[in-house]
Amino acid sequence: MLKNYLKIALKVLLRRKFFTFISLFGISFTLVVLMVASALFDHAFGPLSPELKTDRMLGIYTVRMEMPEKGMARTAAAPYWFLDRYVRTLATPEKVSIFSSQKTVSAFKNGVKHILFFKRTDGQFWEILDFDFLEGGPFTAQDEKEANMVAVINEATRQKFFDGGSAAGKTIEVDGQSFRVAGVVPNVPIFRITSYADVWVPLSTAKSNAYLRDQTGNFWALMLAKRRDDVPKIKEELQGVISNVEFPNPNEFNTLIAAAETLFESVARGFFSQDRTAGNYSAHLLALLLTLAVLFMLLPTLNLININVSRIMERASEIGVRKAFGASSWTLVGQFVVENLILTLVGGVIAFFGAMLILNMLTNSGLIQYAEFHINYRIFLYGLAVALFFGLFSGVYPAWKMSRLHPVEALRGKSL
Amino acid sequence: MIHLENIDKVYRTDKIETVALSNITLDVKEGEFISVMGPSGCGKSTLLNIIGLLDAPTKGGVQLNGTKVTAYRDKQLAKMRNEQLGFIFQTFHLISDLSVVDNVEIPLLYRPALRGAERRKLALHALDRVGLTSRAYHFPSQLSGGQQQRVAIARAIVGKPKILLADEPTGNLDSQMGDEIMSILMDLNKNEKTTVVMVTHDPRLAEKTERTVRLFDGRQVN
């Protein structure tokens with residue numbers, strides 16, 4: 001039966017090539033956009049090396065410090081003292097890392113200035129994240145304790161400064177300081193703000209240790225839960241601790257608001273609210289994105305429904321014959337939905353290759369630094385799910401209409 | 001085999017009421033070959049559609065093989081049409097996108113117990129019965145009118161129905177082809193004991209049947 005439906009579906013597609021082209025174009029274009037958007041979303045928020053444990057990782061990316069009495073407030077990255085005293089000492093996380101947000105620094109090679117993205121981290125940073133080392137290894141908590149002038153660099157930096165040859169053990173001068181290269185890692189895409197940089201060095205190698213005492217700072221924290229179930233417990237424990245925070249200078253700020261969140265939660269909160277304690281907005285953002293996706297699909301879906309309904313007129317006789325020879329209404333609904341699914345899956349296959357092409361072009365364009373966009377199995381499954389949803393949603397109504405055709409009217413060539 | 005009891009069929013729109021059939025009572029025995037005649041618009045095709053369970057009477061009862069079918073639902077009617085009935089239409093109604101053998105297989109698609117190989121075997125056997133095995137993989141557009149009608153007959157008989165309903169099967173054919181079709185139907189009636197109800201305008205063909213039912217303005221006149 002399925003073979004028969006497939007034959008008919010392909011024949012119907014070839015019958016009116018222009019309408020088929022319009023339908024396929026609409027489906028493919030929509031799916032390409034959605035697949036590319038999904039790939040970008042996955043690239044930014046999904047598990048991707050070195051951030052593989054995203055289901056157990058929470059970060060503190062911004063905090064809000066206030067003096068409500070004076071109407072003063074500052075929302076920025078966290079100060080070191082807060083993360084070291086109150087976050088590193090949390091009981092629930094398996095590991096906690098403190099590191100600076102990335103900044104740009106200058107480095108020179110043969111008189112040529114290069115701008116590099118630079119991060120200072122502790123040793124736990126390398127234990128939480130899953131970097132694959134191309135050479136050497138990370139610096140450790142001991143290196144950080146001893147303020148050893150060591151660095152991890154990425155592949156692009158190795159290429160610029162060591163002509164792509166071995167860099168481990170060699171010296172690199174960055175931001176006016178010399179570091180011995182301890183290890184080389186693959187480039188991390190710029191979307192991955194937690195792990196992204198060109199050069200990583202120990203926190204303690206900072207030119208000044210004023211950061212230890214400064215009321216404000218530019219630091220982030222990364223917490224790794226032992227189990228996924230511990231994630232809400234970490235959030236809760238942090239809120240409990242924050243209420244007892246003592247500022248170095250309470251005359252400037254006396255209230256701190258922060259939350260442990262995934263990057264997506266942080267983005268969602270930034271989108272919907274500046275209040276760092278107002279609950280989780282990730283469901284809101286997800287709902288908004290899904291609504292936009294559905295709305296984007298609506299026009300081609302309605303177009304496809306329209307085309308399918310108009311095709312009923314051509315197939316009235318066939319419907320009448322099938323009913324006369326024993327097809328029930330539900331059987332016909334099944335047939336026409338299958339035919340429509342075949343059309344949308346053909347569109348899905350075209351979209352798959354189209355999305356691969358676009359993502360390849362984006363990767364090679366260098367527009368997004370170190371980005372390597374792929375259609376992984378998640379994107380493929382999202383695309384397949386969307387194509388199937390498309391096929392079902394745009395096929396059910398026309399199929400229902402077709403199935404309700406009176407066989408006598410259908411045989412006379414009258415449709416709706 | 002077929003029993004119609006006081007059948008009325010009325011078509012109603014907002015403004016007009018059309019009586020297509022009025023008080024029709026008809027019995028067709030198993031193995032009979034009857035023709036239905038009458039002027040255009042007298043209700044012949046409507047009668048055939050009601051016997052064929054393609055349409056429901058406004059009033060009255062329909063029995064096939066002793067089973068009252070008037071209250072049957074869509075699925076039950078579909079099953080009955082598939083197992084008991086075969087249709088032959090004036091304009092053949094072959095699906096142009098399917099090959100001849102795929103067209104003949106259509107009734108068998110709705111018998112879940114049959115596998116593809118078995119369906120193909122039965123379809124080829126039906127085509128052989130009408131002398132068109134050599135055209136099995138051609139398309140309807142590649143056949144003459146008479147050949148297309150023979151394919152339609154093969155499709156109608158492939159499921160071995162007890163009743164064949166033919167609505168002016170020779171209406172679109174010349175007399176020679178019409179005679180060929182008629183002889184196939186008569187052969188099926190004689191050798192397979194298939195009950196045949198045939199609507200026709202042609203008195204020559206009606207004379208070849210056992211009995212003729214005449215309709216006029218929706219009423220039986222004989």
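This is a predicted model: local features need pLDDT of at least 70, side-chain atom pairs count only at pLDDT 80 or more; totals for chains, interfaces and linings use all residues.
## Overall form of chain B

Chain B contains 7 helices and 10 strands. Its radius of gyration is 17 Å, close to the 17 Å that the globule rule gives for 222 residues, so chain B is as compact as a globular protein of that length. Along the principal axes, its C-alpha atoms fill a box of roughly 50 × 40 × 35 Å.

Of the 222 residues in chain B, 46% count as buried.

Strands of a sheet pair through backbone hydrogen bonds, either parallel or antiparallel. In chain B, an open sheet of 4 strands shows antiparallel pairing, and its order is β2-β1-β4-β5. The edge strands are β2 (17-28) and β5 (67-68) of chain B, each of which pairs on one side only.

Strand β1 of chain B, made of residues 2-12, pairs with β2(B) in the antiparallel sense over 8 bridges. One residue pair can be named here: Arg12(B) has Glu17(B) of β2(B) as its bridge partner. Helix α1 of chain B (residues 44-51) packs on the sheet, where it touches β1, β2 and β4 (59-64) of chain B. The direction of α1 makes about 120 degrees with that of β1(B).

## The packing of helices α3 and α5

Two packed helices are described by the angle between their axes and the distance between the axes. For α3(B) and helix α5 of chain B (residues 145-157), the axes come within 7 Å and cross at roughly 35 degrees. This crossing of α3(B) and α5(B) is right-handed.

On the α3(B) side, the contact is made by Val100(B), Asn103(B), Val104(B), Ile106(B) and Pro107(B). Helix α5(B) contributes Val151(B), Ala154(B) and Arg155(B). By type, the residues of the contact of α3(B) with α5(B) divide into 6 nonpolar, 1 polar and 1 charged.

## The contact with chain A

Between the two chains, 21 residues of chain B are in contact with 22 residues of chain A. On the side of chain B that touches chain A, the elements giving two or more residues are α2 (74-84) and α3 (100-109) of chain B. Helix α2(B) gives the most to this side, with 6 residues.

The residues on this side of chain B comprise 10 nonpolar, 4 polar and 7 charged.

Methods: Residues are numbered from 1 along each chain as its sequence is written. Chains are lettered from A and ligands numbered from 1 in the order in which they are written. Two residues are in contact if their C-beta atoms, placed from the backbone, lie within 7 Å. Ala, Val, Leu, Ile, Met, Phe, Trp, Tyr, Cys and Pro count as nonpolar, Asp, Glu, Lys and Arg as charged, and the others, Gly among them, as polar. Two strands pair if DSSP finds at least two bridges between them. Axes are lines fitted to C-alpha atoms, for helices over the stretch in contact, and angles run from 0 to 180 degrees between N-to-C directions. A crossing is left-handed if the near helix is turned anticlockwise from the far one by less than a right angle, and right-handed if clockwise. The radius of gyration is taken over C-alpha atoms; the globule rule is 2.2 Å times the number of residues to the power 0.38. A residue is buried if 20 or more other C-beta atoms lie within 10 Å of its own, exposed if 12 or fewer, and partly exposed in between; C-beta atoms are placed from the backbone.
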